[in-house]
Structures are given as C-alpha cells and as structure tokens.
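The sequence and structure come first.

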Amino acid sequence: MVGLTASDVPPTLAVKIFSAGVAACVADVITFPLDTAKVRLQIQGECQTSSAIRYKGVLETITTLAKTEGPAKLYSGLPAGLQRQISFASLRIGLYDTVQEFFITEKDRTTPNLTRNVIINCTELVTYDLMKTALVRNKLLADDVPCHFVSAVIAGFCTTVLSSPVDVVKTRFVNSPPGQYTSVPNCAMTMLTKEGPLAFFKGFVPSFLRLGSWNIIMFVCFEQLKRELMKSRQTMDCAT
C-alpha cells in the first residue's frame, strides 16, 4: 500500500501553532523597518517645530532614520513585537482552521453579526484561505509556494485597505500631544475636516509593503514548516 505524503496528512494543532509562531517571528524581523517607516510617515505633520525632519517615501524614511538616529532605531520595539507574535499570531493563525471548522459546523446556531465580525477581524486569514482555495480548486496554481505567494499578496492588500483608516487614526491619536484630541472620534473628525478622506490612507504604501511582505514571508514559511514537520513526524512514525 502506498503511504500518504506529508501534504495528504493534516497537520496537528501543535504543528500549526508552532509553525505559525516561528513564521510570524521571521516575518516580523524582516519587515520591522517598514513598520517603523510607516509610523513616522503617518504622524508626519503632527509636530509643529520648524526643525522637524520631513520624510518622503519609504526608502528615504528608512535611510534618513538610519543616518540621523542610527540603524538600531529601525528595530525599536522589536522585542515587544516578537513577544506579540509568539503569544498572539501563533494562536491567531494556528487556531484558524479549528475555529473555521467550528463555525461551519455550528453555523445554524451563530448570528449573522457574529459571523460578520469574525470575517472582518480575520480579513487577513480569510482572504488568504479563500484565495488559496480558489486557485487550487480551479487548477490555476498547485498548492505550493507560488500559490501561497499570490494568496498572501492579495490578503495583504485587502487587509491594508480595510485597516488603514483605523490604523492611521490610532497612530495619530497615540502620538499626539496631550490635549490635541479629546477622543478617538474627535481625532478622526479633525482629520476628515482638515485633511480630507485621503488622510485616512496616509502611509498606505509603506503599510502595504509592510503587511504584504509580512504576509508573504509568514504564510510561505508557515506552509513549508507545516509540511516539513509532518514529513519528520511520518519518518519518526515509520521508524518506530
């Protein structure tokens, strides 16, 4: 009898969580400078001093930061970011399939609002899963690296579009001087009236570069790690 390949055997929950945590940390280390550049571009204009540095574009922001504040500044906050990926991304991504199966099984008992909220908060994972499934099911791409790459890019774009307004308002509010905004809604309304709707997409390019590249690295590593771990497990099972 022909044995099952690693891709035929569904990965265990422990394999999914471990692979997700490692992949998320690798992606965070590589893309962290883009996140730093994104924040600097989003809060640009908040400081009213004449000596404030003006950043233009993602690459110029990164090089200017490295020259004026040192290369280490690009990774300021990385330890906290890695802790977040280990504790949050590993569960968020690793448990996705399990949660998805639960909602499919229990869909008659869940309300539409709950389902909608889950989809909105999991745009990244849902879009990736839907794209990968569609590409494989329609035989456009095999379930391999090119398929994972394309699905990750599309997932990153969709997530950036939906999350950008909230991200910009949050960044502005958190980094504003005390008393400048009375609340988060006040911050959003001030941006809308003074700068127009496009202000909510300020820093969109670095946001997409950061999230898109993070998704590519994370999902490709995640899928490959799952396969390799399942191959190792099969080898160990055969040996015993």
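## H1 and H7

Helix H1 (residues 13-43) and helix H7 (residues 145-175) have axes that come within 9 Å and cross at roughly 75°. Helices here are DSSP runs of H or I with at least four residues, numbered from the N terminus; axes are lines fitted to C-alpha atoms over the stretch in contact, with angles from 0 to 180 degrees between N-to-C directions. H1 is therefore roughly perpendicular to H7, a label for angles of 65 to 115 degrees.

On the H1 side the contact (heavy atoms within 4.5 Å) is made by Lys38, Val39, Gln42 and Ile43, and on the H7 side by Asp167, Val168, Thr171, Arg172 and Asn175. The contact has 3 nonpolar, 3 polar and 3 charged residues. Ala, Val, Leu, Ile, Met, Phe, Trp, Tyr, Cys and Pro count as nonpolar, Asp, Glu, Lys and Arg as charged, and the others, Gly among them, as polar.

The model is predicted: local features need pLDDT of at least 70 and side-chain atom pairs 80 or more, while totals for chains, interfaces and linings use all residues. Residues are numbered from 1 along each chain as its sequence is written, and side-chain values use heavy atoms, without hydrogens and water.

## H1 and H2

H1 also packs against helix H2 (residues 58-69), at an angle of about 95° and with the axes 9 Å apart. H1 is thus roughly perpendicular to H2. Pro33, Leu34, Thr36, Ala37, Arg40 and Leu41 of H1 meet Val58, Thr61, Ile62, Leu65 and Glu69 of H2. By class, this contact has 7 nonpolar, 2 polar and 2 charged residues.

## Salt bridge

Arg40 forms a salt bridge with Glu69 (Lys or Arg side-chain nitrogen within 4 Å of an Asp or Glu carboxyl oxygen), the closest N and O atoms being 3.0 Å apart. The pair joins H1 to H2 across 29 residues.

How values were computed
Helix = DSSP H or I, 4+ residues; strand = E, 2+ residues; numbered from the N terminus. Parallel < 35°, antiparallel > 145°, perpendicular 65-115°, else oblique.
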